[in-house]
Amino acid sequence: MRDEDRLRSELGRLDGRGYKAYKDLTGSWAFKRFELRIDHVQGDPFATPTRVSVTLSPERSGLPPSAYANEARALGTAAHLARGFSAEARRSTSRTHDRTGHSGEIRMQDPGQVVLEQSAVQLTTEGILEARFTIGLPARSRRIDGTGAIELLLERVPTILAGTLLAGAHNLAKVERSAATNEDAEALRSELAARSLVAFVADGSVLPRRSGVDDRPFDAPAVTPCISPETLRVRIEAPNQGTVLGMGIPEGVTLVVGGGFHGKSTLLRALQAGVWNHAPNDGREFVVTRMDAAKVRAEEGRSIAGVDISPFIDGLPGGMSTAAFSTPNASGSTSQAAAIMEAIETGSRLLLIDEDTSATNFMIRDRRMQALVPPEGEPITPFVDRIKELRDDHGVSTVLVLGGSGDYLDVADLVIRMDAYVPLDVTSQARATAERLPTGRKMEASAALSLPSPRRIEWSSVDPGRGRRRVHVKTPDDRTLLFGSSTIDLIALEQLTGRAQIRAIGLALAWAAEARTDDHVPDILDATMDALSQGLDTFDEFKTGDVAGFRRQELAAILNRLRSLRVG
Ligand code: ADP
Ligand code: MG
C-alpha cells in the first residue's frame with residue numbers, strides 16, 4: 001500500500017496541475033497510526049467535498065472493551081467521538097483562510113445532543129471503529145494547491161485524528177459516561193411497558209433548551225430541575241446509575257395544565273424528544289418515552305393522500321367523502337385529524353398534543369357553540385369526544401397540554417399542573433372541579449371509531465429520480481427534503497433529529513420505491529425498517545458519513561407529506 005512519503009511526493013508532483021488530477025489520490029494510504037481511505041474525490045473545488053474514511057482496530061483506537069460491550073454502549077461512545085471530531089474539525093476549518101470553494105475544509109456530521117445510530121462514526125461491538133468525514137482538497141484558482149494539500153492531509157487530518165480518535169486521545173471517564181448513560185437510557189425505556197407507563201422523567205432533569213433554535217440545555221442558574229410529585233414517583237434500576245427516581249406518566253389520558261409560561265410545552269417537548277437518547281449533561285438523558293410516541297399537530301396547507309379522517313370529520317359541505325380524504329391544501333382541523341390517523345397507521349399508541357399547535361375547533365366545541373350551530377352543520381367531532389374511545393377500544397394513550405379548556409377534565413385519568421415549572425398532581429382537584437362545574441356539553445360522536453384499513457401506495461407517484469439521475473435526494477436545510485422533483489416541507493415534524501436523519505429517510509424512500517416490496521403502508525414501513533436494521537449503508541450506495549437512524553414514524557410522516565403521493 002502507498003504510504004505517507006508517497007502521498008507527500010504525489011502531492012508535490014500534482015502541484016499546479018488541473019484540479020481533476022486529484023483523482024489519482026483515490027484509494028488507501030498507510031499512515032503510521034492509521035490507514036486513510038480516499039473514497040471519492042471531488043470534481044472541482046466548489047463541488048461536494050472529498051469523502052474520506054478511517055477504520056481503526058481497538059488497539060489503534062485505544063478504546064476499552066467497556067466502551068463497546070453492547071450496542072447501546074457502542075452507540076453512546078460513537079456519538080461522543082463524532083461530537084468530538086466534528087468540533088475539532090470545525091475549529092481547524094475556521095482557522096483556514098483565503099479559500100477557493102471548499103479548499104482546506106474538514107467536516108464531519110455533528111450528531112448534536114441526540115445519541116442515535118449515525119454513519120459519521122460507527123463502532124461495532126467488536127470494537128471496530130469507522131469514521132467518515134469530508135475534506136476540501138485545496139485549490140489555487142482551479143489548479144491543485146499541492147502545498148495546501150500536504151498541510152491538510154499530512155498535518156491537519158492526522159492531528160485531529162490523534163486528538164479525537166486514536167489511542168491516547170480519549171478522556172476515558174467521558175467515554176465511560178457516554179457509554180453508560182446510553183445504556184441506562186435504553187434500560188429505563190425498556191422498563192416502561194412492564195410498568196404500564198408511557199414516559200419517565202428522572203428527578204433533576206433539565207427540560208428547557210437554550211433557545212428555539214439551540215437544542216443544548218438552558219444554562220442559566222434560574223433553571224428549575226424537574227422533580228416528580230410524590231404520587232407519581234417511581235423508581236427504576238439502571239445498570240450503571242443504580243436506582244433512578246422520577247415521574248412516571250401512566251398509560252391513559254394525561255392532561256398537562258397550568259398558567260401560561262409555566263413550562264407546559266417544555267415538558268411536552270422533552271417527552272416528544274424522549275423517543276431518542278441524549279448525551280450526558282443534556283439534561284434530558286434520563287427522560288424516556290415509549291418508542292412509538294407521535295407528536296401530532298395542526299399543519300395548515302400540507303397535502304393529505306387518501307387518509308380516513310371520518311372519525312373526526314364527516315359530512316363536509318358539498319358531500320365530499322372523508323373516508324379516503326385527499327387534499328393538496330389541508331385546513332388546521334383536517335391536518336390534525338390526518339396526523340392522528342396516520343400516526344395510528346404506523347402503530348403509534350401514544351399521541352402527544354399541545355394546544356399551542358392545535359386547531360381549536362378540532363380540540364373542543366363547548367355547550368354554547370353546540371347550541372348555536374346544530375350538529376348537522378358541523379362536520380367535526382372534536383377530539384374530546386374521541387379521546388376515551390381511543391384509550392379504551394384501541395389502547396391509544398394521549399398526553400395533552402391544555403391551558404384554555406376545562407372540558408377535558410371529564411376524560412382525564414391524570415392531571416398534572418405545571419406551577420412555576422414544577423409538576424403537581426392535581427387529579428383529585430380536577431375531578432372535584434369537573435363534578436362541581438359540569439360542562440353541559442353533549443357527546444358528539446355518533447358512530448364508533450374504527451381504525452382505518454391500511455392504505456395502498458401507488459408507487460408510480462413516488463419517484464426519487466430527477467432528470468437523468470435515478471435518485472435525487474438533497475437536504476438543503478434541516479426542515480426541507482428534496483426528493484425527486486418534489487420539495488417536502490418538514491417544519492411541522494418536531495421529532496426529527498436533523499439533516500442526517502432526513503437524508504437517511506429520503507434515501508430509504510428511494511430504496512423502498514425501487515424495491516416495491518409491498519404496497520400497503522404498514523408493510524412498506526416494516527420492510528424498510530428491516531432493511532435499516534442491516535445498517536445505514538443499505539440505503540446509501542456511496543457510504544457517506546451523512547446519514548442517521550430513524551423510526552417508522554418519521555419515515556411515514558415524510559412519505560405522507562410527499563405532494564405527489566397517491567393511494568389506491
Ligand atoms: P407554557 O407552555 O406553559 O406557556 P413554556 O413551556 O413555553 O410554557 O415555557 C415558558 C418559558 O419558560 C420558556 O422560555 C422556557 O424555556 C422556560 N422554562 C420552561 N421550563 C423551565 C424550567 N424548568 N426552568 C426554567 N425555565 C423554564
Ligand atoms: Mg405552551
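Visitor: Which polar side-chain atom lies 2.9 Å from an oxygen atom of ligand 1?

Guide: One of Lys264. A polar contact is a pair of N or O atoms within 3.5 Å; within protein, one must be able to donate a hydrogen and the other to accept it, and residues adjacent in sequence count only if both atoms are side-chain atoms. This is a predicted model, where local features need pLDDT of at least 70 and side-chain atom pairs pLDDT 80 or more, while totals for chains, interfaces and linings use all residues. Residues are numbered from 1 along each chain as written, chains are lettered from A and ligands numbered from 1 in written order, and side-chain values use heavy atoms, without hydrogens and water.

Visitor: Which backbone atoms lie 3.1 Å from an oxygen atom of ligand 1?

Guide: A polar backbone atom of His262, and a backbone N or O atom of Gly263. The protein covers 81% of the 560 Å² of accessible area that ligand 1 has on its own (Shrake-Rupley method, 1.4 Å probe).

Visitor: How many residues surround ligand 1?

Guide: There are 14 (a heavy atom within 4 Å), and the closest are Thr224, Phe261, Lys264, Ser265 and Thr266. By class, this shell has six nonpolar, seven polar and one charged residues; Gly counts as polar, and Asp, Glu, Lys and Arg as charged.

Visitor: What describes two packed helices?

Guide: The angle between their axes and the distance between the axes. Helices are DSSP runs (H or I, at least four residues); axes are fitted to C-alpha atoms, and angles run from 0 to 180 degrees between N-to-C directions.

Visitor: At what angle do helix 12 and helix 14 cross?

Guide: Helix 12 (residues 499-515) and helix 14 (residues 552-560) cross at roughly 70°, their axes coming within 10 Å. Helix 12 is therefore roughly perpendicular to helix 14 (65 to 115 degrees; under 35 is roughly parallel, over 145 roughly antiparallel, the rest oblique). The crossing is right-handed, meaning that the near helix is turned clockwise from the far one by less than a right angle.

Visitor: How do helix 3 and helix 5 cross?

Guide: The axes of helix 3 (residues 71-94) and helix 5 (residues 172-191) come within 7 Å and cross at roughly 130°, so the two are oblique.
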